[in-house]
Amino acid sequence: MCNAGERGTAVSAVLIENPRTRVTRWSFSGRGDNTGWHRHEYDYLVVPIQNGALEIRDAKGVLSRSELKVGVPYFRKRGVEHDVLNGNDGEFAFIEVEFLENAARQN
């Protein structure tokens with residue numbers, strides 16, 4: 001996730017980074033852990049590695065809940081602004097894949 005404005009409590013670990021993609025594992029230790037406010041500069045794909053819920057606070061401050069299922073990915077276009085919070089009572093994690101090459105072609 002790019003341009004972190006506010007540092008969150010979730011832990012990110014870049015697993016792969018090359019000119020085309022960046023793959024990051026996001027880990028949340030408990031309910032309310034968050035990524036921090038950020039804007040996605042690239043199209044991205046999220047692959048849940050656990051079943052669970054994320055709470056998403058959007059640019060208007062609206063909080064929504066998203067139920068994730070292990071291995072069921074979702075895709076979003078660049079420009080999304082939000083803070084992602086762990087909506088589970090325990091640990092939670094997902095893999096994020098950012099498409100860096102496609103963004104360069106769009107600019």
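Q: In this predicted model, which side chain has a polar atom 2.8 Å from the backbone nitrogen of Gly-36?

A: The side chain belongs to Asp-83, one of whose polar atoms lies 2.8 Å from the backbone nitrogen of Gly-36. Asp-83 is itself part of strand β8, which covers residues 81-86, and its side chain also makes a polar contact of 3.4 Å with the side chain of Thr-35.

Q: Which strands stand at the edges of the open sheet, and why is one side of each left without a neighbour?

A: The sheet has five strands in the order β1-β2-β9-β4-β7, paired in the antiparallel sense. Strands β1 (11-17) and β7 (74-76) stand at its edges, and because each has a single partner strand, one side of each has no neighbour in the sheet. From one strand to the next, the twist averages 20 degrees. The antiparallel pairing of β7 with β4 (residues 44-48) runs over three bridges, and Tyr-74 in β7 is the bridge partner of Val-46.

Q: Which residues make up the largest nonpolar core?

A: In soluble globular proteins, nonpolar side chains tend to be buried together. The largest such core in this model has eleven residues, among them Trp-26, Val-46, Ile-56, Val-84 and Phe-94. Strands β2 (21-28), β4, β5 (52-58) and β9 (92-99) each supply at least two residues of this core.

Methods
Residues are numbered from 1 along each chain as its sequence is written. This is a predicted model: local features need pLDDT of at least 70, side-chain atom pairs count only at pLDDT 80 or more; totals for chains, interfaces and linings use all residues. Side-chain values use heavy atoms; hydrogens and water are left out. Helices (H or I, at least four residues) and strands (E, at least two) are DSSP runs, numbered from the N terminus. A polar contact is a pair of N or O atoms within 3.5 Å; within protein, one must be able to donate a hydrogen and the other to accept it, and residues adjacent in sequence count only if both atoms are side-chain atoms. Two strands pair if DSSP finds at least two bridges between them. Axes are lines fitted to C-alpha atoms, for helices over the stretch in contact, and angles run from 0 to 180 degrees between N-to-C directions. A nonpolar core is a set of buried Ala, Val, Leu, Ile, Met, Phe, Trp, Tyr and Cys residues joined through side-chain atoms within 4.5 Å. Buried means under 20% relative accessible area, exposed over 50%, partly exposed in between (1.4 Å probe, protein chains only).
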